[in-house]
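This briefing is for a reader meeting the structure for the first time. Please look over the sequence and the model before going on to the points below.

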Amino acid sequence: MIRESELCPAKVNLFLSVGPKDGRGYHPLRTVFQAVGLFDQVQVEEAELDSVSFSVPGIGDQNTVSRALRLMREIADFPPLKVTVEKQIPIQSGLGGGSSDAAGLIRIIRKICHVPLPEAELHQVALAIGADVPFFLVGGKARATGYGEILTPLPDDACRWLCLIWPGVGCSTPEMFKRLDEISFPWVDFPHGVGGSHNDFERVAPCECLELIEQLESLGARQARLSGSGSSVFGVFDSAEEAEAARSQLPKYHATSWVVPTLSRAESLCRS
Ligand code: C5P
């Protein structure tokens with residue numbers, strides 16, 4: 001009887017620069033992903049029929065996990081599965097929760113299959129679900145080009161601590177790209193040294209996000225940025241105590257903020 005579970009970490013973008021819109025209406029990206037210790041959990045049990053359910057309402061049938069299950073059936077042979085997802089990562093927050101959950105299910109199915117599945121096929125399935133999904137098969141810290149899917153794994157940094165805040169305002173990804181199309185700015189290259197954080201979406205982010213970034217900076221964050229297209233923001237600190245001290249100065253966001261460590265590659269791919 002199959003019974004497996006996997007922890008699925010969130011990500012932040014330490015660097016994110018957006019190129020000009022291409023012929024398909026998509027924008028090429030330069031980004032540095034970092035997995036962080038806020039987790040959803042995907043659980044899988046053998047069942048009579050495939051099913052997918054979530055611990056929170058409002059996630060429709062066209063979700064990344066159902067998509068992963070359907071696409072994995074096309075390349076692998078495994079029994080019907082009941083999949084349940086315990087959500088902790090806020091939805092549509094720029095933290096990659098949906099992408100990470102899909103990659104978590106791919107990792108579980110890879111494990112329960114008796115024949116090894118080629119990495120290239122798993123990458124193709126991940127990419128078909130979304131451009132951020134392949135990163136969650138790599139984990140840790142990685143640099144990405146293309147639309148976020150051409151990945152170069154980077155060595156693990158020393159653990160740092162993030163004060164991560166979800167301000168609760170909505171940031172629809174297509175809307176944020178559209179806002180960027182209305183302004184002109186250069187396509188920023190990757191930083192040459194270490195550090196060098198950046199996010200083009202801050203040019204068009206809601207003022208709540210920009211205010212929080214300023215507050216995190218004034219509370220001593222080494223870097224403070226929007227993650228992805230928002231609306232989550234994060235401040236980077238050297239210790240959990242410093243990150244917690246900053247968090248305690250932001251009581252309005254107590255219910256939707258976390259102090260989390262950056263994760264090494266091994267930590268971000270570990271099972272629960
Ligand atoms: O990848 P996702 O389906 O979330 O993208 C939603 C929309 O965001 C796309 O239809 C496109 O308009 C825009 N987008 C983009 N460039 C990207 C990713 C998304 O323009 N690299």
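This is a predicted model: local features need pLDDT of at least 70, side-chain atom pairs count only at pLDDT 80 or more; totals for chains, interfaces and linings use all residues.

Is Asp238 buried, partly exposed or exposed, judged by its relative accessibility? Asp238 counts as partly exposed, with a relative accessibility of 39%.

- Asp238 is the partner of Arg222 in a salt bridge, in which the closest N and O atoms are 2.6 Å apart.
- Because Arg222 sits in the loop between α6 (207-218) and β9 (223-226), while Asp238 sits in the loop between β10 (233-237) and α7 (240-248), the pair ties together parts that are 16 residues apart in sequence.
- Arg222 has a relative accessible area of 57% and is therefore exposed, whereas Asp238, at 39%, is partly exposed.

- Glu244 and Arg247 are joined through their side chains by a salt bridge, with a distance of 3.3 Å from N to O.
- Both Glu244 and Arg247 belong to helix α7, where they are three residues apart, which is about one turn of the helix.
- Glu244 is partly exposed at a relative accessible area of 34%, whereas Arg247 has a relative accessibility of 13% and so counts as buried, the cut-off for that word being under 20%.

**Other salt bridges**

- In total, the structure holds 17 salt bridges.
- One of them pairs Arg160 with Asp157, whose closest N and O atoms lie 3.6 Å apart, and Asp157 counts as partly exposed at 37% relative accessibility.
- Asp40, Lys87 and Asp101 are linked to one another in a network of salt bridges.

**Helices α1 and α3**

- Two packed helices are described by the distance between their axes and by the angle between those axes.
- For helix α1 (residues 64-75) and helix α3 (residues 119-129), the axes come within 10 Å and cross at roughly 145°, and the crossing of α1 and α3 is right-handed.
- On the α1 side the contact is made by Thr64, Arg67, Ala68, Leu71, Met72 and Ile75, which meet Glu121, Leu122, Val125, Ala128 and Ile129 on the α3 side.
- Sorted by kind, the residues in the contact of α1 with α3 comprise eight nonpolar, one polar and two charged.

Terms used: Residues are numbered from 1 along each chain as its sequence is written. Side-chain values use heavy atoms; hydrogens and water are left out. A salt bridge is a side-chain nitrogen of Lys or Arg within 4 Å of a carboxyl oxygen of Asp or Glu. Buried means under 20% relative accessible area, exposed over 50%, partly exposed in between (1.4 Å probe, protein chains only). Helices (H or I, at least four residues) and strands (E, at least two) are DSSP runs, numbered from the N terminus. Axes are lines fitted to C-alpha atoms, for helices over the stretch in contact, and angles run from 0 to 180 degrees between N-to-C directions. A crossing is left-handed if the near helix is turned anticlockwise from the far one by less than a right angle, and right-handed if clockwise. Contact means heavy atoms within 4.5 Å. Ala, Val, Leu, Ile, Met, Phe, Trp, Tyr, Cys and Pro count as nonpolar, Asp, Glu, Lys and Arg as charged, and the others, Gly among them, as polar.
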